[in-house]
Amino acid sequence: MLAALLKMMSDGQFHSGEELGRALGVSRAAVWKALKRLEDGGYPIQRVRGRGYRVPPEASLLDLDVIRAHLAPAADATIRWQLLDSVDSTNIELMRSVGAVAESGIKVCLAEQQSAGKGRRGRQWASPYAQNIYLSIALPFSEGAQKLEGLSLLVGLVLVETLEGGGFSGCTLKWPNDVLLDGRKLAGILVEIAGDLTSECVAIVGIGVNVLMERPEDAIEQPWTSLLLSRQAGVLDRNLLVARFIQRLLDSLEVFRQEGFSPFVPAWQRRHGWQGLQVVVEAGTTRQQGRALGVDARGALRLETDSGEVSLHGGEVSLRLER
Ligand code: ATP
């Protein structure tokens, strides 16, 4: 019902509660209740007395036909698509179907909402309905997990480049897997691997990008922002952003499969938010301090410490600016 309601209100026109109820075969009260639920969840519904309700044109629901129409046919032909109204986590969903994915190439899973969206180390990813991008993409690799070094950094770079192309400036990368905007967390990336780590494996790349989210979220314990909150005049249409991101990712992967992360190091470092700054790296109970020098060809963070330069690999590591 929520999806049908939003779809009707996404045509740019205002609709009265009565009209919406008639079209959906429910009472006006039921429409009002559903709209209230969406508004309480932070969904941007515009309500004008005497005219009715609509959702801002750029806030339309995800639509595979629209996304696919923005992709090059050759790219679209390589992908199997899945769009869900709600799911526990798009990464978990692809993990469940990974056997089938290995046979048939790339699979993309998108959802309007995640009930158990996850970050690294089992942390939660706040995923309210129809406001953000929750996207996972399953990418088969035939030469084992070692070929995946730097993949999560590449995905972050591709995401930042997509947002820059959409008119947003000031997006930076935080090693290993976050995108910041105005110094606040805008997006997270989670790469998980299924299959045989020494030969045929599938990388499941999950991204969460805050697009229209404005309201405080309990699950977020650090400063965050969304594209809407940035108040920049960039593209907020999630369908367009998803299509552009996937297209750019597939193009970059052609290079990555041949040459690894190394050709992308300069572009990554240009967007490195903490380049040259003093940082603290926490891994479990150990803590290391130093100056972030950038990344190497394998995607490791180069850290200048009192005892010389060290290279740190992703995994369980957490990075903070030194205060
Ligand atoms: P950190 O960001 O602390 O370095 P991490 O990179 O391991 O850790 P992620 O796995 O990317 O973190 O994401 C989980 C963390 O992100 C949560 O602990 C929470 O604070 C924050 N978070 C959860 N949902 C969102 C969201 N929608 N937008 C921004 N941040 C979020």
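UniProt positions are given here in the numbering used for this structure, and such annotations may be inferred rather than shown by experiment. The structure itself is a predicted model.

**Annotated region**

According to an unreviewed UniProt entry, residues 17-36 carry the annotation "DNA-binding region". In the model, this span is 85% helix and 0% strand, and its end C-alpha atoms are 12 Å apart.

**Helices H1 and H3**

Two packed helices are described by the angle between their axes and the distance between the axes. For helix H1 (residues 2-9) and helix H3 (residues 28-40), the axes come within 11 Å and the crossing angle is roughly 85 degrees. Angles of 65 to 115 degrees count as roughly perpendicular, and H1 and H3 are therefore roughly perpendicular to each other. On the H1 side, the contact is made by Leu-2, Leu-5, Leu-6 and Met-9, which meet Val-31, Ala-34, Leu-35, Arg-37 and Leu-38 of H3. Of the residues in this contact, eight are nonpolar, one is charged and none is polar.

**Surroundings of the ligand**

The ligand has 20 residues around it, of which Arg-120, Arg-123, Lys-174, Lys-185 and Arg-320 come nearest.

| Residue | Part of the residue | Ligand atom | Distance |
|---|---|---|---|
| Ala-126 | polar backbone atom | nitrogen | 2.8 Å |
| Gln-222 | side-chain N or O atom | oxygen | 3.1 Å |
| Asn-177 | polar side-chain atom | oxygen | 3.3 Å |

**Backbone features in two loops**

The loop between strand S6 (171-174) and strand S7 (178-181) contains Pro-176. The peptide bond leading from Trp-175 to Pro-176 is cis, and its omega is near -5 degrees.

Another loop, between strand S4 (106-111) and strand S5 (133-141), holds Arg-121. Although Arg-121 is not a glycine, its phi is positive, at about 50 degrees.

Technical notes:
Residues are numbered from 1 along each chain as its sequence is written. This is a predicted model: local features need pLDDT of at least 70, side-chain atom pairs count only at pLDDT 80 or more; totals for chains, interfaces and linings use all residues. Side-chain values use heavy atoms; hydrogens and water are left out. Axes are lines fitted to C-alpha atoms, for helices over the stretch in contact, and angles run from 0 to 180 degrees between N-to-C directions. Helices (H or I, at least four residues) and strands (E, at least two) are DSSP runs, numbered from the N terminus. Angles under 35 degrees count as roughly parallel, over 145 as roughly antiparallel, 65 to 115 as roughly perpendicular and the rest as oblique. Contact means heavy atoms within 4.5 Å. Ala, Val, Leu, Ile, Met, Phe, Trp, Tyr, Cys and Pro count as nonpolar, Asp, Glu, Lys and Arg as charged, and the others, Gly among them, as polar. A residue is near a molecule or strand if one of its heavy atoms lies within 4 Å of it. A polar contact is a pair of N or O atoms within 3.5 Å; within protein, one must be able to donate a hydrogen and the other to accept it, and residues adjacent in sequence count only if both atoms are side-chain atoms.
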